Amino acid sequence: MSAFTSADCEMMARALQLARRGIYSAHPNPRVGCVLAKGGQIVAEGWHQETGEAHAEVNALNSAGAAAQGSTAYVTLEPCSHHGRTPPCAEALVAAGVSAVVVAMEDPNPQVAGAGLEILRAAGIEVRSGLMQETARSLNEGFVSRVSRGRPFVRLKMAASLDGGTAMASGESQWITGEAARRDVQRLRASSGAILTGVTTVLADDPSLTVREESIATGDAQPIRVIVDSNLRTPATAKMLSLPGKTIIFCIDDSNAQALAATGAMVIAVSATAGRPDLQAVLHELGALAVNDLLVESGPTLAGSLLMAGLVDELVIYQAPHMMGSESRGMATTPEWQELQQRLALEIADVRKIGNDLRITARPKT
């Protein structure tokens with residue numbers, strides 16, 4: 001692979017900036033940006049705005065017109081090679097007469113997996129890949145997870161006091177964190193394909209699980225709302241069942257699902273583990289429904305079950321500057337962890353202040 005120049009890095013950095021514009025709207029498709037450059041100058045640029053619409057490369061080519069001839073295309077993800085809702089981008093680049101293509105990362109989707117690059121090479125186009133690959137991959141971790149593991153990238157969000165309390169013994173929990181942190185959670189919701197909670201939270205709080213921040217909401221589109229409910233205790237009058245968008249309820253027996261199904265909810269029975277829906281099965285069902293990123297906003301029981309099963313890819317913990325005392329409820333119930341050696345080792349990826357609270361982003365060590 002040829003060395004990348006500073007100009008290559010500059011153009012790819014711009015392509016990655018463009019790709020980020022699709023963070024709230026591109027899913028379940030990957031977030032992709034494209035820059036066309038010639039003589040060190042940007043000729044045109046594009047990004048994938050919404051699934052079903054033109055991909056980043058096509059938007060850039062349409063903007064460039066005849067100026068695309070002889071240009072170098074910088075793309076954050078390998079151009080697609082298959083016919084889906086839109087024609088293959090690799091063929092569009094060939095038809096436009098670009099002279100070279102620089103790709104941040106190859107597409108892990110088995111439908112592509114290098115085939116797009118082969119189309120370009122077969123047409124005599126110079127192809128280089130791997131520039132800013134890790135940055136590109138982090139932008140599409142959910143998509144990569146779904147196409148390579150068959151399940152979403154799981155992000156567990158928690159709000160707690162400095163001493164780890166998430167609710168008082170009575171169950172009172174609103175509000176632990178400040179307004180700025182709650183707005184930040186709206187960003188997490190908007191960038192997720194689905195939000196998962198447990199039936200205990202539904203019964204206690206009757207949450208909406210919607211994106212309410214107007215500055216990041218994408219029209220009427222909302223993440224899928226997901227409830228893990230072993231015995232279908234979710235009431236048909238639950239608030240989220242009357243809201244626009246889709247609600248999915250996972251259970252172990254759907255024989256009494258008529259009332260919930262009548263609300264428009266999708267009820268899915270999965271295999272059971274210890275009398276509860278198998279969480280691995282739940283995640284694979286969501287993967288089959290094209291959910292890339294799953295945000296978990298649940299009580300300590302479901303959070304603990306996901307952690308003990310090794311199904312959490314990232315934790316986002318908002319810590320408020322107060323103490324809730326020894327009788328408060330903890331962040332996760334993990335009865336199987338009895339010895340220090342069983343603890344879950346984490347690597348802190350980011351710590352920052354959000355309003356008057358701290359946001360800690362951590363990942364299990366591998």
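Is Ser 81 counted as buried or exposed at 15% relative accessibility? Here are some notes on this and a few other places worth a look; please keep in mind that the model is predicted.

1. Let us start with the serine. Ser 81 counts as buried, because its relative accessibility is 15% and the cut-off for buried is under 20%. You will find Ser 81 in the loop that runs between β3 (72–75) and α3 (89–96). Setting aside residues up to four places away in sequence, Ser 81 touches Pro 88, Gln 111, Val 112, Ala 115, Gly 116 and Ile 119.

2. Cys 80 is buried, with a relative accessible area of 6%. The closest cysteine sulfur to that of Cys 80 belongs to Cys 89 and lies 3.7 Å away, which is too far for a bond, because a disulfide needs the two sulfur atoms within 2.5 Å. The structure as a whole holds 0 disulfides.

3. Not counting residues up to four places away in sequence, the contacts of Leu 120 are Pro 79, Ala 90, Leu 93, Val 94, Val 101, Ile 125 and Val 127.

4. Asp 229 is buried but has no salt bridge: the nearest side chain of opposite charge is that of Arg 233, 4.7 Å away, whereas a salt bridge calls for a distance within 4 Å. What the side chain of Asp 229 does reach is the backbone nitrogen of Leu 232, at 3.0 Å. Leaving aside neighbours within four places in sequence, Asp 229 is in contact with Val 199, Thr 234, Ile 249, Phe 250 and Cys 251. Of these, Cys 251 is buried, with a relative accessible area of 0%.

5. Which residues of helix α11 (residues 300–308) are buried? They are Leu 302, Ala 303, Gly 304, Leu 306 and Leu 307. Together they pack against the strands β6 (153–161), β7 (194–198), β8, β13 (293–296) and β14 (314–320), and against helix α10 (279–288). Just after α11, Gly 310 adopts a positive phi of about 70 degrees.

6. Asp 184 counts as buried, at 11% relative accessibility. Beyond its neighbours within four places in sequence, Asp 184 is in contact with Tyr 318, Ile 354 and Arg 359.

7. Finally, a threonine. Thr 51 sits in the loop between β2 (41–47) and α2 (56–64) and is partly exposed, with a relative accessible area of 22%. The side chains of Thr 51 and Asn 29 are joined by a polar contact of 3.4 Å. Thr 51 and Pro 28 are 23 residues apart in sequence, with 6.9 Å between their C-alpha atoms.

Definitions and conventions. Residues numbered from 1 in each chain as written. Predicted model: local features only at pLDDT ≥ 70, side-chain atom pairs only at ≥ 80, totals over all residues. Heavy atoms only, no water. Contact = heavy atoms within 4.5 Å. Buried < 20%, exposed > 50% of the residue type's maximum accessible area, 1.4 Å probe, protein only. Lys, Arg positive; Asp, Glu negative; His and termini not counted. Polar contact = N/O pair within 3.5 Å; in protein donor to acceptor, adjacent residues only side chain to side chain. Helix = DSSP H or I, 4+ residues; strand = E, 2+ residues; numbered from the N terminus.
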